[in-house]
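Here is a briefing for a first look. Please keep the sequence and the 3D view open while reading.

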Amino acid sequence: MTRIIEPEWLDELPADDPDAVRSRRDLHRVNAWMRHYDLMADALQNHLNRNPSKHLIELGAGDGEFLLRIAGKIAPNCLNLSVTLLDRKNLVRPETLSGFESLGWHAEAVTADVFEWSRTLQSADIVIANLFLHHFYDISLAGLFRAIADRTRLFIGLEPRRAFWPLLCSRLLWGIGCGPVTQHDAVLSVRAGFEGDELSRLWPAGDNWQLTERPAGPFSHLFIARRVQ
């Protein structure tokens, strides 16, 4: 299946549009359905068990609720983590930031374009992205990966898997109560998703990185780049 990137409706809607608000709520349901909370929590916990970390950045963090739910799963084993929630829209509520604080994490929201921001990116132990990378063409991802690789020890990306079964299921999201925007965007997301070693080929070459790329769960594609000590 050829990778096709098309604009998604949610990205074009104003943040306070009722359809956008509903679609962001839908995404929490979709992440649960795709098992992304568990998949990301497991990948992070495996790293944190071996490598104490101080700073984590999420790219395309949206309203911050995805990482907050991850924090709820792993915070007891990883206190005092500093979190940066990066998104081009200002969507993070004060209650979400307070939720991180209650778990022993400190969080800040940064509103910026990821490519402009990456030019001045400070070092971070961990960078993650969830349902974010598929929005971009390979040439843009390669540049973003170069900036990240220079400044982190671990990168984790969870994306739609570009395959027949995820595409079929993306057309059935009405069955779990998702609205028209989410139903439309889900199909486009799968068509723009990844398979095989497509992301590994975009990561900067070098012996100091261990790359893992594989299907994850029934619908997803997992990419992990871990710096070799």
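Which residues does His-47 touch, not counting residues up to four places away in sequence? They are Ser-53, Ile-126, Arg-153, Leu-154 and Arg-226. Touching, or contact, means heavy atoms within 4.5 Å.

The model is predicted: local features need pLDDT of at least 70, side-chain atom pairs count only at pLDDT 80 or more, and totals for chains, interfaces and linings use all residues. Residues are numbered from 1 along each chain as its sequence is written, and side-chain values use heavy atoms, with hydrogens and water left out.

**Overall build**

- The protein has nine helices and seven strands. These are DSSP runs, numbered from the N terminus: helices are H or I with at least four residues, strands are E with at least two.
- The radius of gyration is 17 Å, which agrees with the value near 17 Å for a compact globule of 229 residues. That radius is taken over C-alpha atoms, and the globule rule is 2.2 Å times the number of residues to the power 0.38.
- Along the principal axes, the C-alpha trace spans about 45 × 40 × 30 Å.
- Of contacts between residues at least 6 apart in sequence, 78% join residues at least 24 apart.

**Surface and charge**

- Of the 229 residues, 54% are buried. Buried means under 20% relative accessible area, exposed means over 50%, and partly exposed lies in between (1.4 Å probe, protein chains only).
- The accessible surface comes to about 10800 Å². Carbon and sulfur atoms hold 53% of that surface. The areas come from the Shrake-Rupley method with a 1.4 Å probe; for residues, only the protein chains shown count as cover.
- There are 25 positive and 29 negative charges, and their mean positions are 4 Å apart. Lys and Arg count as positive, Asp and Glu as negative; His and the chain ends are not counted. Each charge is placed at NZ of Lys, CZ of Arg, CG of Asp or CD of Glu.

**Cysteines**

- The whole structure has zero disulfides (a disulfide is a pair of cysteine sulfur atoms within 2.5 Å).
- Cys-169 is in no disulfide; its nearest cysteine sulfur is that of Cys-178, 13 Å away.
- Cys-169 counts as buried, at 5% relative accessibility.
- Cys-178 is buried too, with a relative accessible area of 3%.

**Helix α4 and Phe-66**

- Helix α4 covers residues 65-74, and seven of its 10 residues are buried.
- Those buried residues are Glu-65, Phe-66, Leu-67, Leu-68, Ile-70, Ala-71 and Ile-74.
- What covers them? The cover includes α2, α3, β1 (55-59), β2 (82-87), α5 (94-102) and β4.
- Phe-66 sits in this helix. Its relative accessibility is 5%, so Phe-66 counts as buried.
- Leaving aside neighbours within four places in sequence, Phe-66 is in contact with Asn-31, His-36, Tyr-37, Met-40, Glu-58 and Asn-130.
- Phe-66 and Phe-136 are 70 residues apart along the chain, and their C-alpha atoms are separated by 21 Å.

**His-47 and Gly-157**

- His-47, the residue of the opening question, belongs to helix α3 (residues 36-48). Its relative accessibility is 2%, so His-47 counts as buried.
- Gly-157 lies in strand β5 (residues 152-160). At 1% relative accessibility, Gly-157 is buried.
- Residues up to four places away in sequence aside, Gly-157 touches Ala-129, Leu-133, His-221, Leu-222 and Phe-223.

**Positive phi in two loops**

- Most residues other than glycine have a negative phi.
- Arg-35 has a positive phi, near 65°. Its place is the loop between α2 (18-33) and α3.
- Is Arg-35 buried or partly exposed? With 36% relative accessibility, Arg-35 counts as partly exposed.
- Leu-131 also has a positive phi, about 50°, although it is not a glycine. Leu-131 lies in the loop between β4 (124-130) and α7 (138-149).
- Leu-131 counts as buried, at 17% relative accessibility.
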